[in-house]
Amino acid sequence: MAKAHEQRRQRAIDRYLAGDPIEDICRELACSKSWLYKWRDRYLATDLSWSAARSRRPRTTPTKTPQRIAQVVVALRQTLAQQGKDWGAAAIQQALAQQGIEPVPSQRTIYRILHRSAKEVIYTNHHHPSVHQRGHVLPVLTWPHRRGNMAT
């Protein structure tokens, strides 16, 4: 698949260098002018890998919740559930603060961590027969207003 994209880029640049009108190239290759100019600029920069795709992923995510905190949130949820206590985001947030864990994530972040964790448990065990029995899988997580904690 990547080869086909690179070949298309090369074909567009070859035609551009041959002097074909930009409108014709774009119409026949079903591309935009900005797409063609992007690849022209990379080609003119004389980088040998100019036609290769580049990642758009950011190098850092400074606001991402640290993995250690996510693990503590999941462990707290399991502990509170086993003890029969409320294991909602507010209870977990309070327990994190009591344990002196910093930074304490927001309730919405705690919810997202638990939701992602539940998906990972279901995904990693999807071939295990007990997964299909409702009682063996973590319960579906809902936002507090669906649990009756807030007025609707």
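**View 1. Where helices α2 and α3 meet.** I22, E23, I25 and C26 on the α2 side touch K33, L36 and Y37 on the α3 side, contact meaning heavy atoms within 4.5 Å. By class, this meeting place has 5 nonpolar, no polar and 2 charged residues. Here Ala, Val, Leu, Ile, Met, Phe, Trp, Tyr, Cys and Pro count as nonpolar, Asp, Glu, Lys and Arg as charged, and the others, Gly among them, as polar. The axes of α2 and α3 lie 9 Å apart, at an angle of about 105 degrees; axes are lines fitted to C-alpha atoms, for helices over the stretch in contact, and angles run from 0 to 180 degrees between N-to-C directions. So α2 and α3 are roughly perpendicular, the word for angles of 65 to 115 degrees. Helices are DSSP runs (H or I, at least four residues), numbered from the N terminus.

**A word on the model.** This is a predicted model, in which local features need pLDDT of at least 70 and side-chain atom pairs count only at pLDDT 80 or more, while totals for chains, interfaces and linings use all residues. Residues are numbered from 1 along each chain as its sequence is written, and side-chain values use heavy atoms, with hydrogens and water left out.

View 2. R42 sits in helix α3 (residues 33–44). R42 counts as buried because its relative accessibility is 17%, and buried means under 20% relative accessible area (1.4 Å probe, protein chains only). Skipping neighbours within four places in sequence, R42 touches D47, W50, A52 and R54.

View 3. Leaving aside neighbours within four places in sequence, L96 contacts V72, V73, L76, I101, V104, P105 and I110.

View 4. The chain averages a pLDDT (the predictor's confidence in each residue, from 0 to 100) of 79, and 78% of the residues score at least 70. Residues 128–140 fall below 50, with 12 contacts in the model beyond near neighbours in sequence. Residues 145–152 are also below 50, with 7 such contacts.

How values were computed. Helices (H or I, at least four residues) and strands (E, at least two) are DSSP runs, numbered from the N terminus. Buried means under 20% relative accessible area, exposed over 50%, partly exposed in between (1.4 Å probe, protein chains only). Angles under 35 degrees count as roughly parallel, over 145 as roughly antiparallel, 65 to 115 as roughly perpendicular and the rest as oblique.
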